[in-house]
Amino acid sequence: MNYRKFIPTILYLVVLFLILSWASGLMSGSSSSMPYSQVIELFQQEQVKSFVVNDNTITLELREPVNGRTQIKTNLAQPELFRSDMEELFQEQHEKGILESYDFIPAKSFSVYDIILPLLIVGAVLLILWTVLMGRMNGSNPMANFGKARTVLGVPDGKKVTFDDVAGADEEKEELEEIVDFLRNPQKFTQIGARIPHGILLVGPPGTGKTLLARAVAGEAGVQFLSISGSDFVEMYVGVGASRVRDLFEQAKKVAPAIIFIDEIDAVGRKRGTGLGGGHDEKEQTLNQLLVEMDGFGHTEGIIVLAATNRPDILDPALLRPGRFDRQIQVNAPDVKGREEILKVHAKDKKLDASVNLKTVARSTAGFTGADLSNLLNEAAILAARADRPVLTMEDMNEALMKITAGPAKKSRVQTRKDLKETAVHEAGHAVAMYNLPTHDPVRQITIVPRGQSLGATWYLPKDDSSNLTRNEMYEQIVSLLGGRVAEALFLGDISVGASNDIDRATKLAKDMVARYGMCEKLGTVSYLDGGEVFIGRDYQTTKSYSEKVAGTIDDEVRALIDKAYDHCKQILTDNSDKLHKVVDFLLEKETMTGEQFEAIMQGREVGDASSTSMFDGFEDGKEDPKATEE
């Protein structure tokens, strides 16, 4: 028998007994009992020094202790009879000095509160105890709610979201319109025998608007929207996660038709059979219950599960099979048209200057997600407010873009002439190498002003939104990344740690070319990077599917590719050493060089003063996003 469940009840009974004892003492007084004859005997023996009669109680002060006490307090049944019988003795002892003082305090009038007040206190305590006990029996105590799902019903801010509030995701909205149509008119599908997907998984990088799309579906359909995070299911107590999953679907069935949205589902949906406990842990029990619930309710109940994740590779295969998450919708970063639409949505509540061209900003932010663009406008607004400007200008947008991508400028940082020259040589090496590589994007700006953790940066412009790279383009990226290190070795006679990030990126590119993309003739069209990664839901160590001999060949080919790119970069900088020195001298004097000024030096023309150093200048002809190679 489990005796622990009786412990609270026993404690409640003990507290009740103590309160009743206190109330009984309050109503009856706390006087001790002494026979009336013994009280009279104390007076006759002249042992009483003084006394006070208050109502039915007499308090005696004795000359010598009786039973170890010099003060005795006892009750009198008839105080008036005691006074009339002993009055002469009192006066006689008082005249002799035996009885120093005595007093009779008149009895106070009886009040009904003397009985009602204790009864009210006891009644209130009993009511509280009864409520607590009944709550435990009915499961309404806080611990009983521990297994309830912490869902948020509706949109947290109460604002209805529709597809009009979602920009830059036209194809994704078309896919989700089927869900809206089903929730509005389910007979249209069920009559023809069609089955709407049980679940839809929104997959994409962080900040692409997966949660916003889910809210828009609920807003368009006009149904209940129950949202919860994947991490809200998992607790340290066994069985809580599974209980919350059951409760979540019970809540949805009560308000159906409804949409259940589980954000970051990878927190609870990771592959089973991994972990230190042989795979039998609380997360797996929660996932098992989720699998049962998604495959358990009928097709016509009007409950659709939407989930979002940016790690679909670690989800359990049973979660992705038809009948559970039937459909996956890829939510990617927007293109230039989508970025412009997103900027217009986020600019509705901001005061923009007439000079702000959102189309130009969109062209200059390739690779930005919706969250990035929102942050860009917010940072620009903060900069405008800091400068006490009533509107947001293009200069604010330019500084916000550079702040996000490279960090805030540290113009007050004091640098030695030696440090400035090393940075200028390093950045000039990058720029000159980029200029002489046919497929590389053109240089947009060079600066030796520290930003964030970098001492300088060379910005270049992707020509378009293409994410597909050729072997030659990847090779030329390696050459340009090595430009800073090669320039230091050639023109300073020493090398610095400033090229560490460039070397890391160049090495990763070379390793991908050799072992992932099959771009090495010696190894052939074979991918060797198929091992698992640490702590992503598979194994706890990376496994190799190739021999040590192949591993050695991969290392040799990566080294050979880096060496080839190094020699290529060295030849470019040697042939253009005079132009590189001119770029270095200009940077040491002006600190920042625009793309036009850099091209003038490389083409042997006279360098003029820059009318503007904005990163957005020149984007009207279709050039795109500035990116930086940082020291």
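Buried means under 20% relative accessible area, exposed means over 50%, and partly exposed lies in between (1.4 Å probe, protein chains only). The model is predicted, so local features need pLDDT of at least 70 and side-chain atom pairs count only at pLDDT 80 or more, while totals for chains, interfaces and linings use all residues. Residues are numbered from 1 along each chain as its sequence is written, and side-chain values use heavy atoms, with hydrogens and water left out.

View 1. Gly429 counts as buried because its relative accessibility is 0%. Leaving aside residues up to four places away in sequence, Gly429 touches Gly483, Gly484, Ala487, Leu573 and Leu580, where contact means heavy atoms within 4.5 Å. The C-alpha atom of Gly429 is 9.9 Å from that of Asn576, and the two residues are 147 residues apart along the chain.

**View 2. Packing of helix 16 with helix 19**. The two helices, residues 471-481 and residues 548-575, pack at an angle of about 65° with their axes 8 Å apart. Axes are lines fitted to C-alpha atoms, for helices over the stretch in contact, and angles run from 0 to 180 degrees between N-to-C directions. From helix 16, Tyr475, Ile478 and Val479 meet Leu561, Ile562, Lys564, Ala565, His568, Cys569 and Ile572 of helix 19. The residues of this contact comprise eight nonpolar, one polar and one charged. In this division Ala, Val, Leu, Ile, Met, Phe, Trp, Tyr, Cys and Pro count as nonpolar, Asp, Glu, Lys and Arg as charged, and the others, Gly among them, as polar.

**View 3. Salt bridge between Glu379 and Lys403**. A salt bridge is a side-chain nitrogen of Lys or Arg within 4 Å of a carboxyl oxygen of Asp or Glu, and the structure holds 15 of them. In the pair of Glu379 and Lys403, the closest N and O atoms are 3.3 Å apart. Glu379 belongs to helix 13 (residues 370-386) and Lys403 to helix 14 (residues 394-406), so the pair ties together parts that are 24 residues apart in sequence. Glu379 is buried, at a relative accessible area of 17%, whereas Lys403 is partly exposed, at 23%.

**View 4. Salt bridge between Arg516 and Asp512 in helix 18**. The side chains of Arg516 and Asp512 meet at 3.3 Å, N to O. Both residues lie in helix 18 (residues 500-516), and because they are four residues apart, about one helical turn separates them. Arg516 is partly exposed, with a relative accessible area of 39%, while Asp512 is buried at 8% relative accessibility.

**View 5. Salt bridge between Arg559 and Asp563 in helix 19**. The N to O distance between these side chains is 3.1 Å. Arg559 and Asp563 are four residues apart in helix 19, so they are separated by about one helical turn. Arg559 is exposed, with a relative accessible area of 55%, and Asp563 is partly exposed, with 34%.

**View 6. Salt-bridge network of Glu175, Glu178 and Arg327**. Salt bridges link these three residues, Glu175, Glu178 and Arg327, in a network.
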